[in-house]
Every structure is written in C-alpha cells, then in structure tokens.
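Visitor: Hi! Could you walk me through this structure?

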Amino acid sequence: MRLSRRTLLSSLAGSALALGAGTEAGYAADAGSVAARGPAARALARLLPRHREQVTFRTAARAAGRDRFRVSGGAGRILVEGSTPAVQLTAFHWYLRHVAHAHISWAGEQTRLPDRLPAVPEPIERTAGVTHRFVFNDTNDGYTGAYRDWAYWERELDVLALHGYNEVLVYLGADSVYHRTFLQHGYADEELRAWLPGPSHQPWWLLQNMAGFGGPVSGQLLVDRAELARRIVARLRELGMTPVLPGYFGTVPPGFAAGNPGAHVVPQGDWAGFPRPDWLDPRTDHFARIAETFYRVQADLLGATSMYKMDLLHEGGTPGDVPVGAAARAVETALRTAHPGAIWNILGWQSNPHREIIEAVDKTKLFIVDGLSDRFPSVTDREESWQGAPYAFGSIWNFGGHTAMGANTPDWACLYESWRTKPGSALDGIALMPEGADNNPAAFALFSDLPWTDGPVDLECWFQEWPRYRYGSADRHAADAWDILRRTAYGTTRADSWSEGADGLFGARPDLKATSAGSWSPHQLRYDGGEFAKALPSLLAAAPALRSSSAYRYDLLDVTRQSLSNHSRVLLPRIGAAYESGDKALFSQLTEEWFRCLALLERAVATDRGHLLGRWIADARSWGATEAEKDRLAYDAVSLLTVWGARAGADGGGLRDYANREWSGLVGGLYTLRWRTYFDTLSTSLTSGRPPVPVDWYALEDQWVRTHPAYGAEPRGDIVGVAGDVRVALGL
C-alpha cells in the first residue's frame, strides 16, 4: 500500500531537515535516535540494523576534486570516512566485501556477520578515477518497472550508493511536469492526460518516439507518481547524489501550431510503427516560453539539479528545415537560462549526438554517456568522435530487460583503463545502462568497481574473490562454477558486435527457424553452451551452509534458468529436422521434451519474487483507483513485455518480444501457449499431409495479454530441488 499524501509530505519534511543538518562527524552509541544521525548512518540502520552502532561515518575532503574514502578501525569500532554520504556507503560496502566477506546487491544478498564486525587489518583507501558514476538507461522506468513503490526505491538507492554511483537518471514525475507545463499554454487537462502514455511506455514518449499508448493516465496517478518522484530526489540529495532530470528540447502535444499562431512545428514521422510527437523549433520565442515554464514547473515540483538529460532527434527524428546546430544552441540557452552552469547529459547511441550538436554547444558543459563502449570494435577514439567532450565509458548488457546472464567483461577490464589513461583522454565517468536493471549481479558489481580500482581489473582474481563474499566463505565448488562462468557468459567480447547475451528460444514467437526471440538480439550463443552448463553441478555442490542466502539462491536460479534457456537452441533444430523429415514419432518425442523443459523452467523461475509476472501485474494494479484503471495499468505493464504496442508496432515495427524474459507466468503462460499452438498445427500437418494452418500471432498474444489468468505474486518451490531436477534432465 502506498503512503498517504499527508504521511509522504511529512516524511519529505523530515528528509529536508536531515539534509539541512549536514553529515555527522561521528557518534557514540548513546547519541540518540537513528533519525538524528547522518544519511549514511540511517542507511546502515536500514541495511544492517544489528550492526549500526559499530560504525562511525565521517566526512572527508575530496582529493583533487575526486571522491575518496578510507576505512579503518578495530573489531566492532569501524571508522568510515568519505567525501559524501553515498561515498561513505561505498566505502562500507568495500569493507563488507573484502574484510567481512558479506555482500548486498540488487539481486540477492549475503549478510551472515558475527556479532562484532571484524577489524580492518590495514586501512582501506580508494580515490575514484573518474568524476561521474552514472546509472540507468532511459528505458529503466519501463523495463525495470514503472510501478515500483517507495520500499523498492529506498532499497534501490541504498544499493546504488553501496556500489559507488553518484548520478541517477530519474524520469519518474516527468509526466506531471509536462502536464502542468502545457496546462499553462492552452491545453485542457483531459487532452493532455490522453496524450501521456501509460507509465510503462513513458520512457519512449520522453525520447520523442511515441505518445498515448497505455493511457489515458488519471489525475490521481499523476499526483501519486509526482509524490514518489519527490521522495526519490529528496533521498538522492540527502545521500549527496545527483538526480539527473529530463530537460526540455521541444516535444509538444498534438495541435500546438494550430493553437499558437506562428509556431514552427516539425512533424517527426513514425518510430517502429508509432506516430512520433511533434518537435517545436527551439530557435523560436514559442520554444523559449515553453522551456521557461517547463523548468519553472519542474523546479517547483522536484527542485533544481545540476545535470539534465536531453536527446535531440533520437533514433530517426528529423530536423526538417531547422539547422541542427542552431537548434542545439537554443536548447542549451533555455537550459542555462533556467539553470546556469547545468550540464547537458546526452546518450551516445547510433548517430547520437549529432556532430552539429557537439560543434554548436559548450563542450565543457556537455556529458555523453556512451552506450556503445563495449558493443562495436569500431569504437576506438571517442575524443575524435565527440571532439573532446567529456564522456563516460558505458555498458548496455541487456536490451528490453532480457534475463540472459553475462557481459563483455574482458572489454571492461581492458578498454576502460586504457581509454581513461591515454594522453588527452576525455573519459571522466562510467555509465551503467542495462535497459532493464536488477539482474546480472556479478556484472553489476564488477562494472561498479572500475572507478575504484587502481589499474586494470584482474578478471581471474576478481572472479576468484566474488563467490567468497557473495556466499560468505571460500568454497572450491563455488569457485569452480564461477571460473566456468568467467570463461563463458562473462568471457565474451565486442569482437562480434554484441554487448548482450543471446535470449532463449522458449520466448520466441514460434518458428522452426527461430534464432532469437527479440528482433534485434544475437542469433546464436556467444559462448560454448556445453561448457557453461558445467557450472550448474559445480554450484549445486557448494557447501550446504552457503545455500541459505538470497545471493546463492539467486545465482543458482540464474545458472539453472540459463542452462535450460541455452538448451532451447540445441533442441529446436532437432525438432525442425524431425518435422522436415516427416518423422512424426520423433517429432512428438522431441516436442514433449520441449514442453518438459518449459515446465522445468517455469518451476525454476517461480522460486524467485523478481521473476514473477504476477508480482509485475500486482504492482501495476496497486496504482489504480478503480477496477477500470487497474485493468488499464496491468495491460500497460504486460503489453510492454509481450506485444509492446499495437499491431503496427509489434509486427511492422518488430517490437514484439523485444522485452522477452524468462519469468513465471510468461514461461508457463504465453510462451507455452504459443509453442503448443504451433506444434499442434505442425503435428496436424504431418498427419494430414497438408500445409500447417497459419496462426495470427498478434491476435493470440494480445488476447492473452488482455485475458490471461491470475498469476501468483509470491514465490513458490525450492530452487535447490528444482536445480537438481534440471541437472538430471539435461544429463549434467
């Protein structure tokens, strides 16, 4: 249940008072309530309440403008010094991992600690190698979850601080900013709420790709989302982190030119089957007035910040007769008029940012988060590409929130440090940007370590240490499992021009020739699947004492799920060969094995709350005030993972199954339904000798999205037992 407005505003006031009081300089055990202490101490009380009295947090000056930390102290008397509350939490987590052998992540944790925290043998000191540690993709609010509550966000922000991030993209609340802005420029409440997409689809509206789908949004939903956004940005500021907010670059609702004589509006055409919102020429007085209102409304609602995200002409937008450089200068002028000194944050993606933009604006106030650092081998000199503009080494290890394990970690270890230290380097940050977060915990931890590691990361050493603190103690079998994973799923590189692992074929729209589920996903495994599968028996053989933590159980689920997913790529070609040869008995035998694997996969993912479609739906429905609104929000949330949008986008635009994921409810529901329907048509064809009856897949999928049965929102089953069954089924 969400907090009432009164309770929420009261809490915000408390946060503001705490922020005004500043960071503590240390405290004794009798120093009063936790609420009176500094932000890092309050976070520790949330994360490890039993040990909160054993840690003192102090502020330390930056070193040459860079964040730094130091950890020292005896048993039960740990002193943590850092340049901000968030950096202090980073320091404490470094101590937890490397001294106390514990770990907290966004996907599982292990916090079996002694009553007294162990002493620090030698002081731990680190200075960040870069200024910016940026997190979240523009798509995060869609693919990670648009319907999360404060309990989720409170922990998520704590975890990001523990991992060293200091700049967090916040799109939540932008719908209210646009709504309130255009109410002041001639639009009616109802037409604006119809223009706003449902929350799951709003990231692409903010990117100027589409509008309206999944809406209309209710007035109460706007209020509730704005209240949560206020709370998020207040906590970020309390921790000394920067909320990165959307800036204004010209998106306008329909009919703007008609209602504003003389306005120059450029139609933007279509994006993947969706009509794009119009673009208002930034050189005009009309733009200046809208931008002034936008930034004023945004500041009233969320406060000002020092970094604003804007991507002009994203993925195919057209400038029409507007010179791109002049438009960029006008966008920059509007931003600096409202917020002098603010940084313009922009995504490095495809042709973005356009060279004309870079040439036109103040490059010292531009910050590019590179989405292609570990994607294409042709990316070698960002200083030349972006004319010396500061940028972040970035990674997008999944698209659409796919559940595939793995990342191009050899590229991270090699490229980040060599690019950062080369003469004339403009690299001054990292940017963690999976399209869907809260997965791939090893990749999360390793990428986050880059700025705090002296020299290149030693991957073999890093992966040897990982299971020790991830599970709580050294274990030969766990170490063997992670060495296998290091060499397979985490040993891929950008040499093949991919940054994500291949998705599984169980989630593909049925076709005997299917090689991926998503239209823009790798068409083959990027490592040896047989070698990867050996990690499952090794991880299962870990000592029973390690199995109780959510960290171990998450990883065991991930390896189990991935082993089954990889097997789909072995099994489907065999089914295809049996069908093409007309061997009905073999076809029947192999398709039965296919459904046994689907059933095992459903059992495996049902054991974890983060892999439940039922939880995703319950979260969405919880924001609705009426049954009709609850249904509309559930459709918004589920459609994103399946059809994505209307038929034009799903089929013509290739968006269907873009966000496929191996989750309970999807696996046992839609994915099983599709393959059973398909194999039944093929079986009938083998019997009758006639061609298979075509299936209207979009109609089937959209009907399922609208009428699927209820799915549980709580996990069920035991992953250790299911993993054992999978091991037997796969002959491991």
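Visitor: Let's start with H18. What covers the buried residues of H18?
Guide: The cover includes H16, helix H17 (459-471), helix H19 (529-533), helix H20 (535-540) and helix H21 (550-581). Covering goes by contact, meaning heavy atoms within 4.5 Å. Helices (H or I, at least four residues) and strands (E, at least two) are DSSP runs, numbered from the N terminus.

Visitor: Before we go on, what kind of model is this?
Guide: This is a predicted model, where local features need pLDDT of at least 70 and side-chain atom pairs count only at pLDDT 80 or more, while totals for chains, interfaces and linings use all residues. Residues are numbered from 1 along each chain as its sequence is written, and side-chain values use heavy atoms, with hydrogens and water left out.

Visitor: Thanks! Which residues of H18 are buried?
Guide: Ala 478, Ala 481, Trp 482, Ile 484, Leu 485 and Arg 486. Buried means under 20% relative accessible area, exposed means over 50%, and partly exposed is in between (1.4 Å probe, protein chains only).

Visitor: What caps the N-terminal end of H18?
Guide: Asp 475 does, with a side-chain oxygen 3.0 Å from the backbone nitrogen of His 477.

Visitor: Switching to strands. Which residues sit on each side of S7?
Guide: In S7 (residues 132-135), His 132 and Phe 134 are on one side and Arg 133 and Val 135 on the other, and all of them are buried. In a regular strand the side chains alternate between the two faces of the sheet.

Visitor: How many bridges join S7 to S19?
Guide: Four, and the two strands run parallel. Arg 133 stands opposite Ile 430 in S19. S7 also pairs in the parallel sense with strand S8 (residues 167-169), over two bridges, and there Val 135 has Val 168 as its partner. Two strands pair if DSSP finds at least two bridges between them.

Visitor: Now salt bridges. How many are there?
Guide: The count comes to 50. The rule asks for a side-chain nitrogen of Lys or Arg within 4 Å of a carboxyl oxygen of Asp or Glu.

Visitor: What does Arg 148 pair with?
Guide: Asp 619, at 3.5 Å from N to O. Arg 148 lies in the loop between helix H4 (140-143) and helix H5 (150-162) and Asp 619 in helix H23 (residues 613-621), so the pair ties together parts that are 471 residues apart in sequence. Arg 148 is buried at 12% relative accessibility, and Asp 619 is buried at 18%.

Visitor: Which residues are linked in a network of salt bridges?
Guide: Arg 509, Arg 647, Asp 651, Asp 657, Arg 674, Asp 696 and Glu 701.

Conventions: Polar contact = N/O pair within 3.5 Å; in protein donor to acceptor, adjacent residues only side chain to side chain.
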